[in-house]
Amino acid sequence: MQQHVKERRQALNEQCIRCGECFRVCPIVPFTPLEGADPERMTRLTLDLLTSGQQTQEAATWTASCTLCGACIGQCPEDINPRELLFLTKNRLGLEGATAQGFFSFMAQGINLLANLQLPSAEFRLLTSPSGTGAEKPEVLFYYGCNVLRTPDILLNAIDILERLGVSFRVLGGTANCCGTVHFRGGDTAKAETIENRLYDRFVEADPERVLLWCPSCEIQFLESGTTQRHQPSFTMEHYARFLADKKEELKRSYSRPITKRAALHEHAGLELGKWVKEVLQTVPGLELVELPQMQETSYTCGIGSLALAPNARDAVHSRVLEEAVAAGVDLLITPDHGCQVSLCGAEKDYPFAVQNFVAVVGAAMGIERDDLYKRYMLCGGGEKIFAAAKGFVQDNQLDATNVRETVWETLNWGR
Ligand code: SF4
Ligand code: SF4
């Protein structure tokens with residue numbers, strides 16, 4: 001990985017003519033103090049940062065607020081992927097190694113606290129150690145990353161759907177099985193490489209035909225850091241939603257009841273997730289899907305690795321989609337991933353529609369009903385009420401009650 005980063009920096013430096021086109025088309029710039037900056041100068045400064053580490057306020061601001069939306073892909077006259085360029089510049093700008101580890105530990109603590117407030121300890125252990133239907137060579141290794149553990153109901157619904165479809169699978173994820181993107185973006189390339197190699201060993205050990213990804217940030221990490229070229233896996237890698245979209249007939253056969261709702265999907269460009277989720281939702285009986293224009297081009301997800309990096313853009317995207325959903329008269333706003341669900345589920349308090357992840361909708365059509373505890377806690381609106389609602393988990397999982405009281409609200413809202 002370190003060699004790859006070095007080579008790509010050099011190649012991009014030689015190939016990029018500093019024309020400024022990627023800055024010109026960047027939808028995040030208007031939400032930053034860089035609006036009106038000279039595009040050619042901005043790309044010159046950014047290439048300086050990437051290649052020699054020479055830091056200016058302007059280049060650091062663009063790099064840090066880049067949501068990796070991908071709107072610049074296909075716009076470069078030299079056929080460069082500017083998202084890769086900015087991704088590698090994030091790595092260059094990154095915090096020192098120790099701080100990247102500190103950030104990861106902080107994030108992991110929050111993920112594990114939230115998972116423990118929603119799951120019995122036996123189930124938590126099962127999800128974070130390799131498990132599945134026990135086939136020798138499973139069709140699928142469902143690698144869910146780590147962040148979706150903040151919303152375990154999403155993860156459990158996704159697993160139940162695989163079971164209902166009769167897929168042989170194993171499950172891998174949790175904070176001990178991170179993809180390495182936090183360290184990579186934080187500038188600790190050596191540690192990111194160690195994490196990536198360990199993860200790939202686990203993929204190989206499971207010996208699946210396909211690895212299904214859940215987390216869009218893992219997908220970006222694998223796409224833009226050269227993971228596939230380095231490991232040349234014998235299995236295919238694709239998003240979970242794409243796998244489901246390929247199983248339309250099996251999905252239709254597994255439904256037992258209609259979901260009679262007028263619904264809209266919250267979407268982001270940058271990855272193809274929205275396309276696959278929409279195809280899956282079109283199989284759900286009774287579901288009427290309406291289109292919302294939204295501001296899809298601004299990010300690949302709502303979460304901490306993407307839209308949350310540009311808070312002004314995030315606020316604009318969220319108010320726009322919520323208002324559009326009201327105008328469209330939907331009774332259900334569907335989210336494509338956990339980051340969006342975390343960001344939008346609290347809106348149920350003020351808006352006349354429910355907010356559910358797509359696997360909850362698909363699961364409900366199969367007769368799978370699961371309480372969304374994350375949303376329930378969010379709708380409590382504060383630490384003490386959440387503590388009362390989560391008391392059983394605090395006791396059963398032997399959590400530090402004072403810590404839960406003091407940190408739960410902040411942890412729930414982190415990265416929204
Ligand atoms: S990936 Fe998106 S936010 Fe980043 S530079 Fe390209 S257009 Fe701008
Ligand atoms: S990456 Fe492409 S679009 Fe951006 S400055 Fe370089 S040559 Fe121009």
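Residues are described here as buried when their relative accessible area is under 20%, as exposed when it is over 50%, and as partly exposed in between, with a 1.4 Å probe and protein chains only. By this criterion glutamine 221, at 1% relative accessibility, counts as buried. The structure is a predicted model, in which local features need pLDDT of at least 70 and side-chain atom pairs count only at pLDDT 80 or more, whereas totals for chains, interfaces and linings use all residues. Residues are numbered from 1 along each chain as its sequence is written, chains are lettered from A and ligands numbered from 1 in the order in which they are written, and side-chain values use heavy atoms, with hydrogens and water left out.

The domain assignment, which comes from an automatic or database source, divides the chain into domain 1 (2-93), domain 2 (97-245), domain 3 (256-377) and domain 4 (383-413). The C-alpha centres of domain 3 and domain 4 are 27 Å apart, and four residues of domain 3 are in contact (heavy atoms within 4.5 Å) with seven residues of domain 4.

A nonpolar core is taken as a set of buried Ala, Val, Leu, Ile, Met, Phe, Trp, Tyr and Cys residues joined through side-chain atoms within 4.5 Å. The largest such core has 57 residues, and those with the most contacts inside it are Phe142, Ile161, Trp214, Tyr240 and Phe358. Its largest share, seven residues, is supplied by helix 8 (residues 152-164), where helices (H or I, at least four residues) and strands (E, at least two) are DSSP runs numbered from the N terminus. Domain 2 (97-245) and domain 3 (256-377) each contribute at least three residues to this core. A second, separate core of 35 residues includes Leu12, Cys66, Leu85 and Cys340.

When residues up to four places away in sequence are not counted, isoleucine 161 touches Tyr240, Leu244, Leu251, Val359, Val362, Gly363, Met366 and Ile368.

Helix 18 (residues 358-365) is largely enclosed by the rest of the structure, because eight of its eight residues are buried. At the start of this helix, a side-chain oxygen of asparagine 357 reaches to within 3.1 Å of the backbone nitrogen of valine 359, and just after the helix glycine 367 takes a positive phi of about 90°.

Several glutamine residues were examined individually. Glutamine 221 lies in helix 11 (residues 216-224), and its side chain makes a polar contact with the side chain of threonine 181 at 2.8 Å. A polar contact is a pair of N or O atoms within 3.5 Å; within protein, one must be able to donate a hydrogen and the other to accept it, and residues adjacent in sequence count only if both atoms are side-chain atoms. Glutamine 118, in the loop between helix 6 (97-116) and helix 7 (121-128), counts as buried at 8% relative accessibility. A polar atom of its side chain lies 3.0 Å from the backbone oxygen of leucine 114, and the side chain of glutamine 118 also reaches the backbone oxygen of arginine 150 at 2.8 Å.

By contrast, glutamine 232, in the loop between helix 12 (227-231) and strand 5 (236-239), is exposed, with a relative accessible area of 65%. Glutamine 398, in the loop between helix 20 (383-396) and helix 21 (401-413), is likewise exposed, with a relative accessible area of 72%. Glutamine 232 has a positive phi of about 40° although it is not a glycine, and glutamine 398 has one of about 50°.

The two ligand sites were described by the residues near each ligand, that is, with a heavy atom within 4 Å of it. The residues around ligand 1 include Cys26, Trp62, Cys66, Cys69 and Cys72, and by class this shell has 10 nonpolar, two polar and no charged residues. Ala, Val, Leu, Ile, Met, Phe, Trp, Tyr, Cys and Pro count as nonpolar, Asp, Glu, Lys and Arg as charged, and the others, Gly among them, as polar. Of the 13 residues around ligand 2, Cys16, Cys19, Gly20, Cys22 and Cys76 come nearest, and the shell has eight nonpolar, two polar and three charged residues.
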